[in-house]
Amino acid sequence: GGPAAPPQAPQAVLSALREANAALRARARQYDDDVAAVEAEVRSRDEYLAALSPLLQAASPAARSLPDARWVPASWLRSSLALLREAEVGPVPNGEIRCEHGKADPAKLGEMRLVSPAAWRRMVERFGGGPELDTAGCAVCVRAALRTRRTADRTAQLKEALGQALSSPPSEEEEAFLVPKAFRAKWAKWRNEGVADATGELRCKHGGWLVDGARCISAAAWSHTEALFPDSTPLPRESTSACAACSAERRSLLEGAKGNAALRAAQRQQLGRLLAEEELPAEVLSAGSPLYLLDAAWVQEWRRFLLAKTQTQLHPGPPSSAGLRCEAHGCVEVRPGHTHARWRPSRGASAAERAVSERLATRCCLATAAEVEVLCGALAAGAPPEELELVSLTAGGGAPRPPRQKAGAE
C-alpha cells in the first residue's frame with residue numbers, strides 16, 4: 001500500500017488554537033497602537049517643549065520686563081514640564097493666584113511665575129485654562145498689603161517701646177497712669193489675643209475703678225499703651241479715685257475677716273475636744289448633766305471654718321440637730337444609748353434597732369451644755385440652746401427630749 005496519511009488534530013483543539021492565535025494577534029496590535037500613541041505623545045511633548053523653551057523665561061529679567069507677560073501657578077508650570085499626559089496636567093488653574101479684584105494676587109507672588117506672551121499662548125492651546133493675568137497685578141491689594149506691613153512695623157516698634165518704658169517705673173513726682181497690676185506681665189498676651197482695653201480689669205461692678213488693684217506706669221508708657229490698646233481709659237494717678245461702694249464692701253470684708261480670725265482663735269482654744277473629735281470623758285457621761293446631739297454634717301462644716309487658712313470660709317450658722325430628726329414627725333429617728341459618743345444601743349434593742357443605731361452614730365456628735373453655749377454665743381445674734389431645738393438627753397440615763405412646740409402650733 002501507499003504512505004500513511006498524516007495525523008489530524010481534533011476539531012476542538014484546532015478551534016481553540018485559532019481563537020488563541022486571534023487573541024494574541026489582537027493584543028499585539030493593541031500593544032503596537034499603545035506604543036504608537038505613547039510615541040506620538042512623546043513627540044508632541046518634545047515639540048511642545050522645543051517650541052516653549054525659547055519662549056519660557058520664567059525667572060529671567062527679560063520676562064519680568066515684558067509689559068504683556070503672563071502669570072501662571074509655579075506648581076502647575078512644573079507639572080506641565082514634567083508630566084507626559086495632558087490629562088495628568090490639567091488646564092492652567094490661574095484662579096488659584098487671582099485676587100478678589102480679578103488681578104494677580106500680590107500676596108501669592110512666591111507661588112507664581114512669569115512667562116512670555118508666546119509661551120502663554122502655547123500653554124493655553126495645549127492645556128486650556130486661564131484667565132490671563134498680566135504683570136500689572138492688583139493695585140488695590142498692593143496698597144492694602146503695604147498698609148498691613150506698615151501697621152505691623154509700627155506695632156512692632158510700639159511693642160518694643162512699651163517694653164522699654166515699662167522697665168522704668170515712674171517716680172512720685174512724674175505724671176503716671178493706672179493699669180492693672182498684671183499689665184506688665186500680660187500686655188503682650190492681651191495684644192496677641194486682640195484685647196482692645198488694657199484698663200478693663202480695673203472696672204468694678206458699680207462702674208467705678210478698682211484703684212487698689214492697679215499699678216502706675218509712666219506717661220510715655222501710657223502713650224504706647226493707648227496706641228496698642230485703643231479702647232483703654234486714661235486713669236491719671238492723681239485724679240482717679242476708688243469706687244466708694246467697693247471701698248465700703250472691702251472695709252466690711254476686712255472687719256468680718258478680723259472678727260472671724262478672733263472667733264476661730266477663741267473657739268479653737270475653748271472647743272479643742274470637739275475640734276479634735278475626742279470622746280467625752282467617762283465622768284462627764286455619768287455626771288447627769290444635759291448633753292446635746294449635734295448633726296455630724298454641721299460639725300464638719302464648723303471644723304472646716306476653724307481650720308480654714310483663708311478668710312473666705314463662712315461660719316455654718318447656729319448648731320443644728322436637724323439631720324437627726326425624721327421628716328414625718330420631727331422626732332429623733334432612733335432612741336440612742338447615752339453612755340458613749342459612739343452610741344451603744346439600749347439593752348433589749350432588736351438587731352434592726354442596733355444596726356440603725358450604729359448608722360446614727362456616724363451622723364451625730366455629743367456636746368456638753370457648756371460647749372453648746374460657746375457655739376451659740378459665737379454668733380452675732382446668739383440664741384440659747386433651748387431655742388435652737390437641739391436634741392438633748394441627760395448624761396447617766398435620759399431619753400431624747402421631744403422637739404419644742406413652736407409658738408402658734410396647735
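1. The model is predicted, with local features needing pLDDT of at least 70 and side-chain atom pairs pLDDT 80 or more, while totals for chains, interfaces and linings use all residues. Numbering runs from 1 along each chain as its sequence is written, and side-chain values use heavy atoms, without hydrogens and water.

2. As for geometry, α6 (residues 139-166) and α8 (residues 219-228) pack at an angle of about 145°, their axes 9 Å apart. Angles run from 0 to 180 degrees between N-to-C directions, with axes fitted to C-alpha atoms over the stretch in contact.

3. Next, the largest nonpolar core has 17 residues, of which L274, L294, W298, V299, W302, V372 and L375 touch the most other members. Such a core joins buried Ala, Val, Leu, Ile, Met, Phe, Trp, Tyr and Cys residues through side-chain atoms within 4.5 Å; buried means under 20% relative accessible area with a 1.4 Å probe, protein chains only. Helix α12 gives the largest share, five residues.

4. W302 deserves a look: leaving out residues up to four places away in sequence, W302 touches Q267, L271, L274, L275, H315, P316 and L375.

5. Finally, strand β1 (residues 70-73) is covered on both faces, with R70 and V72 buried on one side and W71 and P73 on the other. β1 pairs with β3 (residues 112-115) in the antiparallel sense over four bridges (pairing takes at least two DSSP bridges), and M112 in β3 is the bridge partner of P73.

How values were computed: Helix = DSSP H or I, 4+ residues; strand = E, 2+ residues; numbered from the N terminus. Buried < 20%, exposed > 50% of the residue type's maximum accessible area, 1.4 Å probe, protein only. Contact = heavy atoms within 4.5 Å.
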